[in-house]
Amino acid sequence: MSLFLTLLYVFLCNSVSLSSSLSLHFPLTSLRLTTTTNSSSSSSYLQTSLASRRNPSQSSSSPPYNFRSNFKYSMALILSLPIGTPAQTQELVLDTGSQLSWIQCHRKKQKPTTSFDPSLSSSFSNLPCSHPFCKPRIPDFTLPTTCDSNRLCHYSYFYADGTYAEGNLVKEKFTFSNTQTTPPLILGCAAESTDERGILGMNLGRLSFISQAKISKFSYCIPTRSDRPGFTPTGSFYIGENPISRGFKYVSLLTFPQSQRMPNLDPLAYTVPLQGIRIGQKRLDIPASVFKPDAGGSGQTMVDSGSEFTHLVDVAYDKVKGEIVKRVGPRMKKGYVYGETADMCFDGNNPMEIGRLIGDLVFEFRRGVEILVERQRLLINVGGGVHCVGIGRSSMLGAASNIIGNVHQQNLWVEFDVINKRVGFAKADCSRSIP
């Protein structure tokens with residue numbers, strides 16, 4: 001069951017100011033999504049009109065400490081975070097494409113090992129119906145909320161494939177240590193859901209984890225996947241200062257004024273200035289305008305940890321597929337589509353040989369910044385002996401955006417510097433021990 005799906009309902013945000021108060025390092029676990037669902041879909045494809053991005057202000061530096069741990073990675077990034085007082089460890093999907101964070105609050109008889117028990121936490125509180133966030137304001141607030149029989153704020157979060165989470169909006173602390181806790185943050189406390197884990201919403205919205213906790217930057221390093229049975233590679237995730245960030249190359253985020261509301265635009269996403277795509281030594285003939293929002297917001301390019309594959313709008317996808325067909329077309333698996341969006345797949349062939357024939361894949365940004373996908377890891381094992389180029393067609397999701405998915409963030413440090421409105425990249429061996 002995929003958590004990375006097109007949202008039917010999303011939060012909308014007003015202006016907010018961030019400051020840096022935490023510098024922490026936590027474990028992430030990543031599990032592969034099943035191929036029976038639309039695992040390539042992303043919660044960052046917003047289907048309703050959105051309000052303006054925040055205008056964060058500069059603040060003092062983070063405390064000079066980090067907590068170091070590892071995360072296991074096969075595809076979906078799962079954080080284990082301590083929540084409540086005393087802390088209860090909860091598993092949350094790290095998602096830079098969504099806003100609302102929510103945890104599992106099923107009854108213990110239903111979910112005995114993963115659920116959060118509010119009765120055990122002294123810092124837990126419910127949001128009453130009288131709270132401002134329980135009074136939707138159209139058009140700048142669209143999360144469906146109602147009053148339950150106890151006069152508490154009830155929410156419903158629906159996804160395009162029928163996946164959902166519903167429960168009460170609550171306030172709770174993230175307790176990182178005896179001396180480091182967040183203030184009470186507004187979260188969803190899901191009493192019913194179709195997934196086993198919650199979500200850590202990390203976009204630029206007013207109610208995202210980073211906004212509420214006043215975190216100025218975070219970063220992660222995703223290792224390459226392994227098909228070896230019983231072996232799971234590990235990577236790293238930081239909140240706050242990264243000790244090796246001096247080697248990062250940055251691109252400025254594209255920002256959008258409050259008055260610039262476009263139906264296909266997500267102003268809360270990490271929108272980057274993609275300039276072009278190369279395959280091998282050939283720069284594809286794709287107009288740069290394809291990678292930035294047009295008058296209706298279509299063409300936005302975002303970095304999303306919650307999307308498995310990269311997705312491209314039709315013009316860009318057709319150019320990429322056309323070039324790959326020229327190079328290895330006869331070897332493609334006919335009539336096969338992975339995740340309902342990706343049809344550049346191969347069956348019964350040596351993926352290393354296919355990669356050699358295609359060549360390296362490069363995403364080009366401003367100022368010479370690039371994401372290099374080396375030919376030896378160009379194809380992704382999707383099961384059943386099938387390997388696919390990790391790119392899908394956005395229009396098949398009902399979206400009009402370009403999304404850099406986590407499969408193309410492997411062996412990279414990716415830093416989201418919110419205060420300075422930029423994203424940094426650095427090539428790395430993410431399976432190695434990190435200081």
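This is a predicted model: local features need pLDDT of at least 70, side-chain atom pairs count only at pLDDT 80 or more; totals for chains, interfaces and linings use all residues.
1. The largest pocket. The space in the largest pocket amounts to about 350 Å³. Its lining is made up of 18 residues, and those closest to the centre of the pocket are Arg225, Ser226, Asp227, Arg377 and Leu379. By class, seven of the lining residues are nonpolar, seven are polar and four are charged.

2. At least two lining residues come from each of helix 3 (351-358) and strand 23 (379-383). Strand 23 contributes the most, with three residues.

3. Packing of helix 2 against helix 3. Two packed helices are described by the angle between their axes and the distance between the axes. For helix 2 (residues 314-328) and helix 3, the angle is about 115 degrees and the axes lie 9 Å apart. Angles from 65 to 115 degrees count as roughly perpendicular, and helix 2 and helix 3 are therefore described as roughly perpendicular to each other. The crossing of helix 2 with helix 3 is right-handed.

4. Residues at the helix contact. On the side of helix 2, the contact involves Ile324, Arg327 and Val328, which meet Ile354, Leu357 and Ile358 of helix 3. Five of the residues in this contact are nonpolar, none is polar and one is charged.

5. Asn411 and its contacts. Asn411 belongs to the loop that runs between strand 26 (402-404) and strand 27 (412-417). Although Asn411 and Pro223 are 188 residues apart along the chain, a separation of 5.1 Å is found between their C-alpha atoms. When neighbours within four places in sequence are left aside, the residues in contact with Asn411 are Ile222, Pro223, Thr224, Arg377, Ala426, Lys427, Ala428, Asp429 and Cys430. One of these contacts, Arg377, is also among the residues closest to the centre of the largest pocket.

6. A cis peptide bond. The reader may wish to look at the loop between strand 4 (76-83) and strand 5 (88-95), where Pro86 is located. The peptide bond that leads from Thr85 to Pro86 is cis, and its omega is near -5 degrees.

7. A positive phi. Arg151 is not a glycine, yet its phi is positive, at about 60 degrees. This residue, Arg151, sits in the loop between strand 8 (145-147) and strand 9 (153-158).

Definitions and conventions
Residues are numbered from 1 along each chain as its sequence is written. Side-chain values use heavy atoms; hydrogens and water are left out. On a 1 Å grid over the protein atoms alone, a cavity is a set of points where a 1.4 Å probe fits but cannot get out, and a pocket is an open set with protein on both sides within 12 Å along at least five of seven lines; lining residues have an atom within 4 Å of a point. Grid points are joined across faces, edges and corners, and a volume is the space filled by probe spheres set on the points. Helices (H or I, at least four residues) and strands (E, at least two) are DSSP runs, numbered from the N terminus. Ala, Val, Leu, Ile, Met, Phe, Trp, Tyr, Cys and Pro count as nonpolar, Asp, Glu, Lys and Arg as charged, and the others, Gly among them, as polar. Axes are lines fitted to C-alpha atoms, for helices over the stretch in contact, and angles run from 0 to 180 degrees between N-to-C directions. Angles under 35 degrees count as roughly parallel, over 145 as roughly antiparallel, 65 to 115 as roughly perpendicular and the rest as oblique. A crossing is left-handed if the near helix is turned anticlockwise from the far one by less than a right angle, and right-handed if clockwise. Contact means heavy atoms within 4.5 Å.
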